[in-house]
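Please look over the structure shown below before reading on. The report that comes after it is meant to be read with the sequence at hand.

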Amino acid sequence: MITITNDKGRLSRQDIEKMVQEAEKYKAEDEELKKKVGAKNALENYAYTMRNTIKDDKIGQSFLSMT
């Protein structure tokens, strides 16, 4: 639900309608971008966690001895 208020009287009724229509138009695109950003952040978090795990002396040494 998108709500636009005109508390200070700066926008005309047409301006508000146009803003609502544009918001609805780009809603699906925004949701898709939100999913992509979330997936990218999750991947970066996973890579960061794995890097720190490998850097840990105990785990890193046992990992290297396996190869």
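Residues are numbered from 1 along each chain as its sequence is written, and side-chain values use heavy atoms, with hydrogens and water left out.

**The chain as a whole**

The protein chain has 3 helices and 0 strands, and along the sequence its pattern reads α-α-α; here helices (H or I, at least four residues) and strands (E, at least two) are DSSP runs, numbered from the N terminus. Of its 67 residues, 3% count as buried, where buried means under 20% relative accessible area, exposed means over 50%, and partly exposed lies in between (1.4 Å probe, protein chains only). The accessible surface of the protein chain is about 6,400 Å², and 56% of that belongs to carbon and sulfur atoms; such areas come from the Shrake-Rupley method with a 1.4 Å probe, and for residues only the protein chains shown count as cover.

The predictor's confidence in each residue is given as pLDDT, from 0 to 100. The mean pLDDT of the protein chain is 85, and 87% of its residues reach 70 or more. Where pLDDT is low, the predicted coordinates should not be read in detail.

**Helix α2**

The count of salt bridges is 1, a salt bridge being a side-chain nitrogen of Lys or Arg within 4 Å of a carboxyl oxygen of Asp or Glu. The side chains of Lys40 and Glu44 form this kind of pair, at 2.9 Å from N to O. Because Lys40 and Glu44 are 4 residues apart in helix α2 (residues 27-55), about one helical turn separates them.

Leu43 also lies in helix α2, and Leu43, Tyr46 and Met50 make a nonpolar surface patch of about 320 Å².

**Asn6 and three accessibilities**

Asn6 is placed in the segment before α1 (13-25). Leaving aside neighbours within four places in sequence, Asn6 is in contact (heavy atoms within 4.5 Å) with Leu11 and Ile16.

| Residue | Relative accessibility and class |
|---|---|
| Asn6 | 30%, partly exposed |
| Leu43 | 56%, exposed |
| Glu44 | 42%, partly exposed |

Technical notes
Predicted model: local features only at pLDDT ≥ 70, side-chain atom pairs only at ≥ 80, totals over all residues. Patch = residues over 30% accessible without salt bridge, like charges linked within 9 Å, V, L, I, M, F, W, Y side chains within 5 Å.
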